[in-house]
Amino acid sequence: MFNKRMVTTFSLACIGIMLSTKTIAADTTVMVQPNDTLSAIGQRYDISVEALSDYNQLMNRHLIIPGQKINIPSERIYNVKMGDTLSQIAEKYHVDMATIMRQNHLQNPHLIFVGQQLYVGEQRKSVRNKCYRTPVSQPYITSGFGPRSFDGFHMGVDIISQTNDLNIYAALGGRVVSDLGWSWVGPNGGGGNMVMIQQDDGNYAFYAHLAHKKVVIGQRVSQGEVIGTMGETGNAFGVHLHFELRRYLTPYCHEALINPSTRLGIE
Ligand SMILES: [Zn+2]
């Protein structure tokens, strides 16, 4: 009898601890910026609009206003401890470093500090966006998007073809726009011959290091149309295509970049 009561008390105590832990765990709060949307915030933290909307008890998910606070669920908040490295944290959560950097707007993977709270969302799986086609035949990515040692951050993906076909095909239809001034932008300066397309999905696709361009500025291109051939002009080592996707052109910032793997479905 006595033992049974002990057990009951102990169980209740456990529940109490669990509840209080849940209550004190701090959420990450995001301040809504002008032109922000819930889906943009959701993309940043890899949380669905539905989950964010539910969690924040929003009446209307299309109506968020600048200055409003949106809470990101705390289950995947990591508090940086002495001696931690970003790669260890990434390994612990089975995500890659680029994911953590993107979600936390980190510019430098070596600059994290004790007590810093990092949000570690689920690793995105690269499922091909059915609207896109791959820009080269039988593509293989030789260098992925995200932080890398020799130039800080790779703003796109480097792709080669596993065939002899050097043609570059428009990943999505759109209009060829001026690449004037682009060779100097960002750490990837030296894109060589480039084609920039303002795509029908509103994003800008950036094809660099081309041997030959086969389109001109102002031209309308269809998806799959040959826009040039792969080369190694500019800062390139070996024939490949540097393919980059941006939400908008200026000002330059990491948030403007899209990991092309999430559209092309290749890692
Ligand atoms: Zn590249």
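**Close-up views of a predicted model**

**View 1. Ile197 and the nonpolar cores.** Leaving aside residues up to four places away in sequence, Ile197 touches Ala170, Gly174, Arg175, Val176, Val177, Asn203, Tyr204, Ala205, Tyr207, Val221 and Ile227, where contact means heavy atoms within 4.5 Å. A second, separate core of 14 residues includes Val32, Leu38, Leu58 and Ile70, a nonpolar core being a set of buried Ala, Val, Leu, Ile, Met, Phe, Trp, Tyr and Cys residues joined through side-chain atoms within 4.5 Å. The largest nonpolar core has 29 residues, and those with the most contacts inside it are Val195, Ile197, Tyr207, Ile227, Leu241 and Phe243. At least two residues of this core come from each of β8 (157-161), β11 (193-199), β12, β14, β15 (241-246) and β16 (257-258); helices (H or I, at least four residues) and strands (E, at least two) are DSSP runs, numbered from the N terminus. This is a predicted model, in which local features need pLDDT of at least 70 and side-chain atom pairs count only at pLDDT 80 or more, while totals for chains, interfaces and linings use all residues. Residues are numbered from 1 along each chain as its sequence is written, and side-chain values use heavy atoms, with hydrogens and water left out.

**View 2. Strand β14 and its partners.** Four of the five residues of strand β14 (residues 226-230) are buried, leaving the strand mostly covered; buried means under 20% relative accessible area, exposed over 50%, and partly exposed in between (1.4 Å probe, protein chains only). Strand β9 (residues 167-169) runs antiparallel to β14 and is joined to it by three bridges, with Tyr169 standing opposite Val226. Strand β12 (residues 204-213) also pairs with β14 in the antiparallel sense, over three bridges, and there Lys213 has Gly228 as its bridge partner. Two strands count as paired if DSSP finds at least two bridges between them.

**View 3. Helix α5 and Tyr119.** Helix α5 (residues 97-104) is largely enclosed by the rest of the structure, because six of its eight residues are buried, namely Ala98, Thr99, Ile100, Met101, Gln103 and Asn104. These buried residues pack against α2 (38-45), α4 (86-92), β4 (117-119) and β6 (146-148), and just after the helix His105 takes a positive phi of about 55°. Tyr119, in strand β4, is buried with a relative accessible area of 6%. Not counting residues up to four places away in sequence, Tyr119 touches Gln103 and Asn104, and also Tyr45, Ile47, Ile72, Pro73, Arg76 and Ile77.

**View 4. The zinc site.** His154 (NE2), Asp158 (OD) and His242 (ND1) coordinate the zinc ion at 2.0 to 2.2 Å, and along the chain these donors follow the spacing H-x3-D-x83-H. Donors are N, O and S atoms within 2.8 Å of the metal (3.2 Å for Na, K and Ca), and water is not among the atoms, so sites may look incomplete. Both His154 and Asp158 are buried.

**View 5. The two salt bridges.** The structure holds two salt bridges, each defined as a side-chain nitrogen of Lys or Arg within 4 Å of a carboxyl oxygen of Asp or Glu. One is formed by the side chains of Arg220 and Asp200 (2.9 Å, N to O); Arg220 lies in strand β13 (residues 220-221) and Asp200 in the loop between β11 and β12, so the pair ties together parts that are 20 residues apart in sequence. Arg220 is partly exposed, with a relative accessible area of 45%. The side chains of Arg246 and Glu244 also meet in a salt bridge (2.4 Å, N to O), and here Arg246 is buried at a relative accessible area of 2%, as is Glu244 at 0%.
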